[in-house]
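Colleague: Please take a close look at one strand for me. I would like one connected account.

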Amino acid sequence: MSDKIKHECGIALVRLLKPLEYYQKKYGTSLYGINKIHLLLEKQHNRGQDGAGLASIKLDSPPGERYISRYRSNGAQPLKEIFGKVYAKFEEVRKQNPENLKDAQWLKSNVSFTGELLLGHLRYGTFGKNSIESCHPFLRQNNWKTRNLVVAGNFNLTNVEELFQRLVDLGQHPKEKADTVTVMERIGHFLDVENDRLYKEYKTLGFSNEEISKKIAEKLDIVKILKDSSRRWDGGYVMAGLIGHGDAFVIRDPNGIRPCYYYHDDEVAVVTSERPTMQTAFNLDLEDIKELQPGNALIIKKNGSIDEVNINVSEKKTSCSFERIYFSRGSDIKIYQERKELGRKLVPDILKTIDNDLKNTVFSYIPNTAETAFYGMMSGVEEYLSKVKHKKILALGANINPDKLTEILSIKPRAEKLAIKDAKLRTFITSDNERNEMVSHVYDVTYGAINKGIDNIVVIDDSIVRGTTLKQSIIKMLDRLNPKKIIIVSSAPQIRFPDCYGIDMAKMGDFIAFQAAIELLKETKNEKLMKEVYKLAKLELLKPKKEVVNVAKKIYEPFTYEDISSKIASMLKTPQIKADVKIVYQTIEGLHDAIPNHRGDWYFSGNYPTPGGMCVANKAFINYVDGNNNRAY
């Protein structure tokens with residue numbers, strides 16, 4: 001993606017289902033769990049570089065021994081820092097007495113993180129300070145094991161204000177109004193309620209306090225806790241939690257917005273945000289791994305039992321399509337195939353834009369994640385050329401001229417790596433003009449690959465959000481090759497609305513598609529529509545949440561999809577650009593055809609799956625008209 005946006009976090013949970021001695025004997029190390037979660041987090045590093053965290057719980061530790069460990073980092077290389085500190089503990093053991101590294105029980109009693117339950121997190125901060133306090137996992141401590149709570153998640157809630165107030169109404173005094181703290185305290189509250197209920201029940205039956213602690217650990221109703229906690233959550237989430245005595249859970253939102261996969265056998269249970277990480281770390285086949293279904297929770301009890309249980313009713317699955325377009329690693333075969341199909345779907349519109357002139361067109365992509373869609377696009381072009389060649393050969397008749405046949409068979413699309421990203425280029429210049437000059441050189445081009453004034457250039461990108469990098473860098477660089485046309489192709493549809501479920505796309509005015517619609521309203525003397533929609537949006541915010549609709553969609557109604565694309569192209573072409581500039585966007589229909597099982601498209605269509613999303617869209621439009629640069633959630 002040429003426009004950098006921050007997006008979704010990543011989680012990894014590992015539960016060892018055998019004693020540590022088992023892994024020492026079978027795999028030659030008691031660090032089996034630590035090594036696996038390290039690999040799972042490294043393989044998901046694409047999901048967050050702003051911070052990381054790791055927590056571990058040891059099962060059945062005697063009183064007086066530390067059983068919960070946690071490290072967090074918001075440094076430049078957070079994973080390296082965290083695991084460097086973890087492995088340093090074992091290096092110290094090796095130096096002092098290497099035999100202890102083979103003694104699983106000694107390690108469990110004397111070295112932190114040698115627990116059976118591990119939870120890791122990778123953070124992308126969508127807003128707010130990137131402080132160490134913002135890094136997951138979060139820890140809620142108590143002297144009762146069954147009241148200790150560790151939480152980490154990939155989520156964003158739209159109704160934090162409401163949830164915060166409910167905590168206040170309960171008599172709590174939350175330390176900050178953040179969704180992570182609010183979620184943890186809400187789960188923590190109902191964890192306390194469940195502890196109190198069981199304590200009273202067993203106290204009435206005459207059990208001692210020590211006996212009651214063990215009974216609570218056995219009977220804790222995680223399903224009830226999660227149902228009570230999540231009943232009013234509005235947003236996209238995958239929330240993972242560990243309870244001090246050894247129970248664990250992972251809960252997914254009812255719309256399945258955020259991704260979650262799991263696997264278990266008799267040795268280990270694993271949960272991650274992405275499927276290929278598990279395939280790599282545990283050498284699994286695709287069929288071995290299950291997707292946690294929307295509205296469900298995976299409950300891993302301290303006794304080793306594992307169940308997927310429904311928590312919140314799922315009315316419609318609207319999993320985030322951006323996960324498939326860009327965020328998740330393309331090593332997942334299904335994502336790889338979907339990205340190729342996104343590229344292939346664009347070919348008919350590309351051919352129209354270049355007047356079917358493939359002889360004088362060079363295809364390329366914007367590195368690096370658009371490469372798979374590029375393969376799909378080229379596959380579609382080759383399919384088209386196969387039909388052309390077939391038709392030409394039939395036209396030769398019975399007496400085929402060998403030279404003519406060779407000429408027809410030699411027809412093929414032209415593809416070059418034109419755009420090259422200079423990953424090492426950094427600028428700390430504060431002057432806007434000087435900084436923009438440096439930004440314009442983030443990308444470079446392959447000179448000499450284009451016939452000047454004759455060739456068209458078709459370059460595919462994952463998506464066009466703000467268009468800033470295209471305008472300031474890519475189009476300028478491509479124009480230096482002196483092509484006849486520059487066609488920028490987006491494998492994603494036009495981004496028209498904010499996301500409030502995890503992606504850092506919160507302000508309407510940031511989107512070039514929205515800017516184009518506003519410019520078209522001005523050009524067509526229809527600015528009164530903005531005032532009308534503004535009034536409607538204000539009225540929507542007064543309605544009960546479940547009745548709210550996204551009236552900001554009306555801004556786009558006077559114009560066709562092509563109108564918006566053409567206006568975007570004119571906005572991206574600066575006076576210095578000599579070539580004709582065109583923009584080809586994926587259609588929403590094409591998106592759904594290519595990615596049929598991930599129908600979450602609210603940032604393209606404005607069709608939000610939750611009431612909170614509708615409210616955010618209206619509020620974002622109000623903020624734009626008011627000149628308010630704050631986020632809408």
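Which residues point one way from S4, which point the other way, and are they buried or exposed?

Modeller: This is a predicted model, where local features need pLDDT of at least 70, side-chain atom pairs count only at pLDDT 80 or more, and totals for chains, interfaces and linings use all residues. Residues are numbered from 1 along each chain as its sequence is written, and side-chain values use heavy atoms, with hydrogens and water left out.

S4 covers residues 117-123. Strands here are DSSP runs of E, at least two residues long, and helices are runs of H or I of at least four, both numbered from the N terminus. Leu117, Leu119, His121 and Arg123 point one way from S4. Leu118, Gly120 and Leu122 point the other way. In a regular strand, side chains alternate between the two faces of the sheet. Both sets in S4 are buried. Buried means under 20% relative accessible area; exposed is over 50%, and partly exposed lies in between (1.4 Å probe, protein chains only). The strand is mostly covered, with seven of its seven residues buried.

Now the neighbours. Two strands pair if DSSP finds at least two bridges between them. S1 (residues 10-16) runs antiparallel to S4, joined by six bridges. Here Ala12 stands opposite Gly120. S2 (residues 51-57) also pairs with S4 in the antiparallel sense, over seven bridges. In that pairing, Ala52 faces Leu122.
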